[in-house]
Amino acid sequence: MRANATQRAAACACTVVLLAGLALAAVTRPRPASANEDVTRRFWLWPKDAASANLRVFFELRDGEGTTRVDQSTNAVPYALLRGLTAADVVATTPETRKFEIVEDPGTLTFKGVFGNGGGKGVYDFTSDPAFQRQLERRGMRPASELEALQLALHHFKVAALDDVTASGLQGLTPADLVTMVDHGMT
């Protein structure tokens with residue numbers, strides 16, 4: 001009986017957090033990128049410890065009206081997830097141009113830059129995963145825009161989280177709502 005009460009309390013807390021996130025989403029809904037916007041994507045990487053690196057990624061949106069928006073995030077990422085880059089590449093004494101990928105449920109981030117002397121920097125690109133788009137549609141959501149899918153990938157959003165949102169009974173969510181939730185720390 002005690003386990004059931006604990007489970008009910010946890011489920012209620014989760015529902016409250018989801019509802020709070022939706023209320024916040026209604027107030028701070030991100031504006032989707034339009035066709036006339038220019039997007040710049042850059043990154044910096046430096047060692048955190050022997051097993052992981054700090055990765056700072058940001059993108060800058062500029063529209064035709066002179067408005068600029070910058071989003072950024074910094075995460076510690078295990079070298080094992082950086083396909084094509086090792087700790088030795090980052091600390092090498094002779095800098096070299098390298099390419100690596102991070103595969104997330106929403107898509108693949110492809111990074112290209114110069115690495116060595118304890119760090120690296122360059123540009124990145126993003127390719128949305130059609131399977132992720134189908135998962136959104138299966139749950140009654142519209143497909144994510146490229147920018148929304150990128151933002152979800154940068155937050156390591158997982159398809160399993162869609163099941164949690166669906167199970168909570170929330171309806172009418174959009175990928176923009178999911179972006180707002182993860183931007184505000186909801187998991």
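Is W44 buried, exposed or partly exposed? I looked it up: W44 has 35% relative accessibility, so it counts as partly exposed. My cut-offs: buried is under 20% relative accessible area, exposed is over 50%, and partly exposed is in between (1.4 Å probe, protein chains only).

Note on the source: this is a predicted model, where local features need pLDDT of at least 70, side-chain atom pairs count only at pLDDT 80 or more, and totals for chains, interfaces and linings use all residues. Residues are numbered from 1 along each chain as its sequence is written, and side-chain values use heavy atoms, with hydrogens and water left out.

Next, the rings. I paired rings of Phe, Tyr and Trp (its six-membered ring) if their centres lie within 6.5 Å; planes under 30 degrees apart are stacked, over 60 edge-to-face, the rest tilted. That rule gave me eight aromatic pairs.

I checked W44 with F58: the centres are 5.3 Å apart and the planes at 10 degrees, so I logged the pair as stacked. W44 lies in strand 1 (residues 38–47) and F58 in strand 2 (residues 52–62), so this pair ties together parts 14 residues apart in sequence. Strands here are DSSP runs (E, at least two residues), numbered from the N terminus. F58 comes out at 8% relative accessibility, so it is buried.

Then F100 and F111: ring centres 4.6 Å apart and planes at 5 degrees make this pair stacked. It links F100 in strand 4 (residues 96–104) to F111 in strand 5 (residues 107–116), eleven residues along. F100 is buried at 1% relative accessibility, and F111 is buried at 0%.

Last entry: I found F43, F100, F111, F115 and Y124 linked into a cluster by ring pairs.

Definitions and conventions:
Helix = DSSP H or I, 4+ residues; strand = E, 2+ residues; numbered from the N terminus.
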